[in-house]
Amino acid sequence: MRHAAVLLLDSSNAVLVLILVSLGLAIIFGLMNVINMAHGEFLMLGAYGAMQLGRIGVPFWLALALAPMLVGAFGLVIEELLIAKTYNRLIDSILATWGLSLFLRQAIVLVFGPGSYAVAAPDVGAVQIFGGPYPVYRLLVMALSLAAIGFTFAVFFRTRFGLAARAVVANRDMAACLGVNTRRLDRITFAFGAGLAGLAGAAMAPLISVDPSAGLGYLVPAFLSILVGGLGSISGPVVGGAGVGALDSLTSAFYSPVWAQLAVFVAVLFVIRVFPSGLVATLRREA
Amino acid sequence: MKSRLETQDLAALGALAPFLVLPFVAPTWLAGDFAMYFAYALLALSLAFIWGHCGLLSLGHAVYFGVGAYAMSVTTLGMIPGLASLRSTWAGLLLAIVLTGGLAFALGWFFFAARGLAGAFLGVMTLALAFIFERLAINASWLGGLNGLMNVPALTLGLNGGAEIVDPVAVYFLMLAVVVAVTAALRLVAASDFGVTLAAIRENELRVAALGHDARALKIRAFTLAGAVAGLAGALFVTQFGFASPSLIGFSLSADALIWVALGGRKTLISALLGALALRFLESRLSGALGALWPLALGLIFMASVVLFPDGLFGEAIGALERWRRRR
């Protein structure tokens with residue numbers, strides 16, 4: 001019973017973080033039609049950022065708040081220098097961000113070395129779950145992820161900015177004709193998406209080993225999540241991330257991480273074979 | 001109408017000339033190095049065909065390279081159950097090509113079903129594939145796990161083994177012949193009705209389908225061909241390298257291959273091939289001097305070239321030559 005509860009909690013943790021990462025990827029793709037191959041590296045930067053801020057004496061919770069902002073600001077710079085140059089060239093945006101991910105990984109190796117670091121989790125104690133301790137920090141990460149996901153939805157469905165953003169997703173040219181400043185929207189979206197990845201990285205830093213390839217492991221599951229959930233919708237990655245994350249962490253726990261990867265891949269292969277436009281779009285059409 | 005040699009074929013012939021004389025003017029070790037780079041060039045050719053010509057982005061192309069390398073190693077090391085005395089390079093090549101072609105066919109069957117995966121998402125699925133195959137190879141103890149398979153025999157021309165070809169110059173010319181043959185064959189395929197239809201699918205798949213072509217079957221066939229060529233590349237590589245390891249199958253070689261092709265130029269086969277040769281050569285020269293700065297510089301150059309030269313460096317050069325020839 002206790003084993004099952006811990007497993008369920010750990011899986012929920014993985015799922016929520018995956019949704020957070022996929023959400024950033026999905027809004028960047030949905031709005032800008034840019035496939036960001038460097039998204040995993042933004043997560044990695046968030047983790048390193050939190051670590052470095054901690055080293056220079058910034059309290060953990062402040063670092064957790066600052067790291068995503070730094071990554072977001074970095075995203076803003078990248079958008080201006082690189083992404084804006086490859087608009088309307090989908091394949092080139094993949095290549096450019098692929099080059100960026102290579103560059104960032106190597107830059108981190110040069111600055112911090114190729115080894116991995118452990119970030120100490122803040123001492124928030126443990127709670128008793130079915131007679132055993134469970135770290136409160138993991139629960140806080142879950143709450144934080146949920147809040148960030150909720151915040152993203154609120155921004156996109158409850159604000160004027162979100163309305164304009166959804167208009168651009170639906171029809172970019174028409175939105176521009178109606179006076180939406182698409183250029184400004186692109187900048188904010190990219191920075192926001194990068195910030196979400198940075199937040200995921202900073203929050204996960206105490207739970208993972210912080211190394212230069214920390215982001216790579218998230219990139220593929222995040223892409224598979226938005227592939228399963230369907231493109232062009234903000235709820236797609238939530239459904240996809242839940243499915244991919246749950247299958248991945250449960251198979252890892254019961255069999256091995258290798259089989260988990262294979263199981264996820266095969267499952268995704270079958271899902272996109274049966275629902276080519278993603279689960280959410282298919283369900284919505286039938287409803 | 002007087003038929004003119006196309007610019008890319010002219011460039012290919014021009015590029016061939018220095019490689020014909022290289023072993024006679026350069027030290028032997030350089031010829032040996034280039035013989036190995038030719039195997040990478042075959043991988044680049046395969047990727048340029050499937051990506052540049054057919055528009056199907058494969059971010060995990062090293063999967064076929066690695067499977068081909070393992071197939072060759074398993075065969076010539078006599079590890080196939082019941083066929084322990086088998087040492088034939090030919091059998092290894094056959095197994096490599098059949099396995100990788102079959103793998104690509106099976107994957108294509110899934111990928112291109114129904115509406116099929118569009119460009120970028122095909123890329124993501126193939127990328128996931130590269131991660132999975134690397135993990136599988138690391139965990140497969142019968143394939144040597146993380147250490148891989150060592151002491152893979154060199155090329156032999158006998159029906160079942162025979163004398164190993166170890167002279168670097170001989171291997172060099174053998175590999176050069178294979179590269180020339182594969183380039184010519186892929187060029188012919190690209191110029192055939194089948195190849196022209198593939199290029200049309202790249203430009204507008206819906207229209208090709210509306211004209212009555214089975215786009216899905218054509219794409220699967222092209223995918224299979226590219227997989228088999230990459231498998232051949234891996235099989236030939238491992239006979240020279242002598243060592244099949246999980247690093248041949250996974251993410252980083254796939255990323256390297258993508259960079260060779262994109263930086264060289266994906267539009268023509270020859271520019272991708274030259275991109276692979278040039279970058280491999282530069283890496284062996286510069287990575288010693290630059291050390292960890294090399295991947296950083298490569299990433300920067302790559303980003304800059306994507307923004308400034310979308311057709312790749314050799315691709316832009318061939319384009320310039322083409323325009324110059326037209327003006328005359």
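Reader: Which residue in β2(A) stands opposite Gln128(A)?

Author: Gln128(A) stands opposite Pro133(A). Keep in mind as we go that this is a predicted model. Another residue to look at is Ala126(A), which has Pro135(A) of β2(A) opposite it.

Reader: What makes β1 and β2 of chain A a pair of strands?

Author: Two strands pair if there are at least two bridges between them. Strand β1 (residues 126–129) and strand β2 (residues 132–135) of chain A have four bridges, in the antiparallel sense, so by the cut-off of at least two bridges they count as paired. Their hairpin has two residues between the strands, and Phe130(A) takes a positive phi near 50° there.

Reader: How do you know that the length of helix α3 of chain B agrees with what it should span?

Author: Happy to show you! Helix α3(B) covers residues 62–76, and because each residue counts for 1.5 Å, its 15 residues should span 21 Å. The C-alpha atoms at its ends are 21 Å apart, so the two values agree. Just after this helix, Gly78(B) takes a positive phi of about 70°.

Reader: Why is α3(B) called mostly covered?

Author: A residue is called buried if 20 or more other C-beta atoms lie within 10 Å of its own. In α3(B), 15 of the 15 residues are buried, hence the wording.

Reader: Which residues have the most contacts inside the largest nonpolar core?

Author: That core has 206 residues, and those with the most contacts inside it are Ala47(A), Ala41(B), Leu42(B), Ala44(B) and Leu45(B). Helix α2 (residues 28–53) of chain B gives the most to this core, with 17 residues.

Reader: What does Leu42(B) touch, leaving out residues up to four places away in sequence?

Author: Leu42(B) touches Val179(B), Val182(B), Val229(B), Leu232(B), Ala233(B) and Leu236(B). Each counts as a contact because the cut-off is C-beta atoms within 7 Å.

Reader: How many residues does each chain bring to the contact between A and B?

Author: Chain A brings 32 residues and chain B brings 32 residues. On the side of chain A, α4(A) gives the most, with 15 residues. The residues of that side divide into 24 nonpolar, four polar and four charged.

How values were computed:
Residues are numbered from 1 along each chain as its sequence is written. Chains are lettered from A and ligands numbered from 1 in the order in which they are written. This is a predicted model: local features need pLDDT of at least 70, side-chain atom pairs count only at pLDDT 80 or more; totals for chains, interfaces and linings use all residues. The expected span of a helix is 1.5 Å times one less than its number of residues. A residue is buried if 20 or more other C-beta atoms lie within 10 Å of its own, exposed if 12 or fewer, and partly exposed in between; C-beta atoms are placed from the backbone. A nonpolar core is a set of buried Ala, Val, Leu, Ile, Met, Phe, Trp, Tyr and Cys residues joined through C-beta atoms within 7 Å. Two residues are in contact if their C-beta atoms, placed from the backbone, lie within 7 Å. Ala, Val, Leu, Ile, Met, Phe, Trp, Tyr, Cys and Pro count as nonpolar, Asp, Glu, Lys and Arg as charged, and the others, Gly among them, as polar.
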